[in-house]
Amino acid sequence: MNDRAALDLLVSQGPLTRTQIGALTGLSKPTASQLLARLEAAGLVRTTGNVTGRPGPNAQLYEIDPTAAHIAALAVDQLGITAAVADITGRVLGEERVGTDAVDEAAPNRTAQLVARAVDGALAKAGLGRADLHGAVIGTPGALDPQTGRLRYAPHLPDWHSRALKEELAEVLGTPITIENDVNLAAVAEQQDGAAQDFDDFVLVWADEGVGAAIVLGGQLLRGATGGAGEIGYMPLPGAPLARGGDRSAAQPDAGGGFQRLVGSPSVIALAREYGAAGTRTVEEALDRADVRAEVARRLATGLAAVVAVVDPRLVVLSGEVPQAGGEALRALVEEEFTGLALPRPELRLSDIGGNPILIGALQTALTDARNAVFDTTTG
């Protein structure tokens, strides 16, 4: 317990002296010295200079040894895969983007090849090889069904539906992997470093090419029996055709029915064209129009009211391309519409994560897993 407490302090606060570690953990100087010697011998901490500019002998600083473990994080979408490699401190050492066209559609094990290319590219930029990886987390639309091992709710990723997908990817990378829903990972990022910090009960609503939600209750992600908790893109709502035919309705973001047909990125662009802006090409252009912004806010509020009526969260975070493009103007309109639709009324915030929240959440999840394993000094 003392070892882990010291390691967690070094992760969160950076380099510390023996005296500082002793004071923060409540350990005596001799015990803190023994602890640091043990962790240094185990390859988990290292010295990194001295504290200068104060009376008395210079105190030695200790930090986490960044080479203790490395992890990979991946974010998958229809167009390709983004991979990042980081050391145990969380510092990103290399990143690579691979398009789906990088491997021929008829190639055997195409998904595994794409994943390997993305990870190998990130590793090369970091000056590392596959043998240096301790684990990997892959964020993908849909979710693995715990009963069948198949990826569900993601028909637009046809090459990802092998029953042995997890095992195939682990074999090609040579390291254990976790496959997690992309919106769930965005919620992890938001809870650790974004708008949902200090909230144990919140919903993140993702409105992008696809539409989904992550539901966090009591600090835990709600996944459901088949991994489909939060697949609100299928949710029937007034004004949208019903999503029938199972997963086929989501094969294209602008096809099918349900909530996704109302607030997904393609639908927002289509709405602007219906309102007379025939040349609209982007969500940003669409939401520059006040009439489009007002209608999208009404649609979002209607869907949120249904979610809130069931889950009763303290907070709703809006994330993805549509809320980012609409900004505070869209959020305020959603809040105004929402006020008249639902009881209770949770706080409504925009995501404030910089960068790719799915990749960031995958990194954070992979780091947590790696630290739990590597920082366990009771084994070995």
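Start by selecting D198, which is exposed, with a relative accessible area of 74% (exposed means over 50%, buried under 20%, and partly exposed in between, with a 1.4 Å probe and protein chains only). Before going on, note that this is a predicted model, in which local features need pLDDT of at least 70 and side-chain atom pairs count only at pLDDT 80 or more, while totals for chains, interfaces and linings use all residues. Residues are numbered from 1 along each chain as its sequence is written, and side-chain values use heavy atoms, with hydrogens and water left out.

Back to D198: its place is the loop between α6 (182-193) and β11 (202-207). Helices (H or I, at least four residues) and strands (E, at least two) are DSSP runs, numbered from the N terminus. Check the backbone here too, as D198 has a positive phi of about 70 degrees although it is not a glycine. Most residues other than glycine have a negative phi.

**Next, Y153**

Select Y153, in the loop between β9 and α5. Here too phi is positive in a residue other than glycine, near 65 degrees. Is Y153 buried or exposed? Y153 is buried, at 16% relative accessible area.

By the ring rule, the model has 1 aromatic pair; rings of Phe, Tyr and Trp (its six-membered ring) pair if their centres lie within 6.5 Å, with planes under 30 degrees apart counted as stacked, over 60 as edge-to-face and the rest as tilted. The ring centres of Y153 and Y234 are 6.3 Å apart and the planes stand at 65 degrees, so this pair is edge-to-face. Y153 lies between β9 (151-152) and α5 (165-173), and Y234 in the loop between β13 (220-221) and α7 (259-263), so the pair ties together parts that are 81 residues apart in sequence.

**The sheet**

Colour the strands of the open sheet: there are 5, in the order β13-β12-β11-β14-β15, with mixed pairing. Two strands pair if DSSP finds at least two bridges between them. At the edges are β13 and β15 (347-350), each pairing on one side only. Zoom in on β14 (residues 315-319), which pairs with β15 in the parallel sense over 4 bridges. Which residue of β15 is the bridge partner of V316? It is L348.

**Helix α8**

Move to helix α8 (residues 265-274) and pick A272. At 0% relative accessibility, A272 counts as buried. Beyond residues up to four places away in sequence, A272 touches A277, T280, A286 and V292; contact means heavy atoms within 4.5 Å. For a sense of scale, draw a line between the C-alpha atoms of A272 and N2: they are separated by 59 Å, and the two residues are 270 apart along the chain.

S267 is buried, with 7% relative accessible area, and its contacts outside four places in sequence are Q260, R261 and L262.

**Last stop, helix α12**

Finish on α12 (residues 357-374), which has 18 residues. From its first C-alpha to its last it reaches 25 Å, close to the 26 Å expected at 1.5 Å a residue (the expected span is 1.5 Å times one less than the number of residues). Of the 18 residues of α12, 13 are buried, so the helix is largely enclosed by the rest of the structure. At its N-terminal end, show the side chain of N356: this residue caps α12, with a side-chain oxygen 2.9 Å from the backbone nitrogen of I358.

Definitions and conventions
A polar contact is a pair of N or O atoms within 3.5 Å; within protein, one must be able to donate a hydrogen and the other to accept it, and residues adjacent in sequence count only if both atoms are side-chain atoms.
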